Amino acid sequence: MLSRVRFISSVLSHIRVERVNYLARPLGVVVKALPAIRFTKPLALCSGTLVVYAASPDTKQITLPSLKDVAVVVKKADILFEENKLQDILDLLRPYKHLNNEEISWRISRASYLLSKSKTLTKAERDALIEESYDMAKMTLQLNENSALGHKWMSIALDAYNAIQGFRTRCTSLVSVKDHMLKSIELDPSDATVIYMVGMWYYSIAELAWYQRKVLQAIAGKPPSATYEEALHFFKKAEETSPNFYSLNLLMLGKCHLKLGDPDTAIDYLQRAMNYPKFTEDDHQAHQEASELLKSLKTR
């Protein structure tokens, strides 16, 4: 028995006597930190499920998920996402996050960030979810630096995480946030949401007042340049890529046209945003803001 454990230890240098913790890699399951173990299938590393037992008076069998198990979990998570059940997704995926599987990690990042936008959360709860989103996005890129979804959720989580750290930190990461977005688009040009996000980046920079630019310049050096025309280009491109995909994209199309002196086109987009089905917090935000802008246009 001891010779078998020594042999496995020499093959898998990650085995340490600490706590139960396991990893799943593309080529199979690697066991790390298993105390006093004995293996029923000691070298089942390339496929299938690895079964281990803790050597104790009440021996308990621990079954580590196979790649097939992970695929089933991911499929269930996607169904829950369509139903906007974000907490259920986290409850489902969190037990698997130490598997080092990018399909798990980016989905946790997505669910954590979106749930952090709930108005019922305390600041501590919101910050914890944002930190989890950032950690999982970072893990995704560590596993696969060419993951379009990893770069997408890193750009989102990085900005939110730096906002928690403070205004100065957020300012210094503006270009890095945009770089992750552009890399995501390069890897997957079909993702309209990321194209929308680039539009938001340009709109937010273009909207800065002169004194805000001065503050940004003092903190981060020369502020990045941006115009409403550039923002509109990306919002239009997002809509062309996936028509009517997002209430906030419709809202921003309306706001850009207002900024550029085209109220007739703006009204059309604002009405579409206001009438968009309200399933998410973003949909409610788009409805409220579009309604207020339309009312202000009628009083002119």
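This is a dialogue on how to read several features of a predicted model.

Visitor: How should I read the packing of two helices, and what are the values for H5 and H6?

Guide: One reads an angle and an axis separation, then the handedness of the crossing, then the residues in contact. Helix H5, residues 123-143, packs with H6 at an angle of about 140°, their axes being 8 Å apart, and the crossing of H5 and H6 is left-handed. On the H5 side the contact includes Asp127, Ile130, Tyr134 and Leu141, while on the H6 side Gly150, Trp153, Ala157 and Ile164 are among the residues met. Divided by class, the residues of this contact are 11 nonpolar, four polar and three charged.

Visitor: At what angle do H4 and H6 pack, and which residues make the contact?

Guide: Helix H4, which spans residues 102-116, packs with H6 at an angle of about 35°, with the axes 10 Å apart, and the crossing of H4 and H6 is left-handed. From H4 come Trp106, Ser109, Arg110, Tyr113 and Leu114, and from H6 come Leu149, Trp153, Ile156 and Ala160. By class, this contact of H4 with H6 has seven nonpolar residues, one polar and one charged.

Visitor: What does the packing of H6 with H9 look like in those terms?

Guide: Helix H6, residues 148-165, and helix H9, residues 192-206, pack at an angle of about 35°, and their axes are 11 Å apart. The crossing of H6 and H9 is left-handed. Lys152, Ser155 and Ile156 of H6 make the contact with Thr193, Val194 and Met197 of H9, and by class the contact has three nonpolar, two polar and one charged residues.

Visitor: How are aromatic pairs described, and how many does a search of the whole structure find?

Guide: A pair of aromatic rings is described by the distance of the centres and the angle of the planes. A search of the whole structure finds nine such pairs. In one of them, the rings of tyrosine 202 and phenylalanine 234 have centres 5.5 Å apart and planes at 10°, so the pair is stacked. This pair links distant parts of the chain, with tyrosine 202 in helix H9 and phenylalanine 234 in helix H11, 32 residues apart. Tyrosine 202 counts as buried because its relative accessibility is 12%, and phenylalanine 234 is likewise buried, with a relative accessible area of 13%.

Visitor: Is the pair of phenylalanine 245 and tyrosine 246 stacked or tilted?

Guide: The ring centres of phenylalanine 245 and tyrosine 246 are 5.8 Å apart and the planes lie at 40°, so this pair is tilted. Both phenylalanine 245 and tyrosine 246 are buried, and ring pairs link Tyr196, Phe235, Phe245 and Tyr246 into a cluster.

Visitor: Where does aspartate 282 lie, and is this residue buried or exposed?

Guide: Aspartate 282 lies in helix H14, residues 281-298, and it counts as buried because its relative accessibility is 10%, where the cut-off is under 20%. Leaving aside neighbours within four places in sequence, aspartate 282 is in contact with Lys117, Tyr246, Ser247 and Leu248.

Visitor: Which residues other than glycine have a positive phi, and where do they lie?

Guide: Asparagine 84 is one of them, with phi near 60°, and it lies in the loop between helix H2 (67-82) and helix H3 (86-93). With a relative accessible area of 37%, asparagine 84 is partly exposed. Asparagine 244 has a positive phi of about 60° although it is not a glycine, and its loop is the one between helix H11 (228-241) and helix H12 (247-259). Asparagine 244 is partly exposed, with a relative accessible area of 38%.

Visitor: How many disulfides does the structure hold?

Guide: A disulfide is a covalent bond between the sulfur atoms of two cysteines. The structure holds zero disulfides. Cysteine 171 counts as buried at 8% relative accessibility, and cysteine 256 counts as buried at 0%.

Key
Residues are numbered from 1 along each chain as its sequence is written. This is a predicted model: local features need pLDDT of at least 70, side-chain atom pairs count only at pLDDT 80 or more; totals for chains, interfaces and linings use all residues. Side-chain values use heavy atoms; hydrogens and water are left out. Axes are lines fitted to C-alpha atoms, for helices over the stretch in contact, and angles run from 0 to 180 degrees between N-to-C directions. Helices (H or I, at least four residues) and strands (E, at least two) are DSSP runs, numbered from the N terminus. A crossing is left-handed if the near helix is turned anticlockwise from the far one by less than a right angle, and right-handed if clockwise. Contact means heavy atoms within 4.5 Å. Ala, Val, Leu, Ile, Met, Phe, Trp, Tyr, Cys and Pro count as nonpolar, Asp, Glu, Lys and Arg as charged, and the others, Gly among them, as polar. Buried means under 20% relative accessible area, exposed over 50%, partly exposed in between (1.4 Å probe, protein chains only). A disulfide is a pair of cysteine sulfur atoms within 2.5 Å. Rings of Phe, Tyr and Trp (its six-membered ring) pair if their centres lie within 6.5 Å; planes under 30 degrees apart count as stacked, over 60 as edge-to-face and the rest as tilted.
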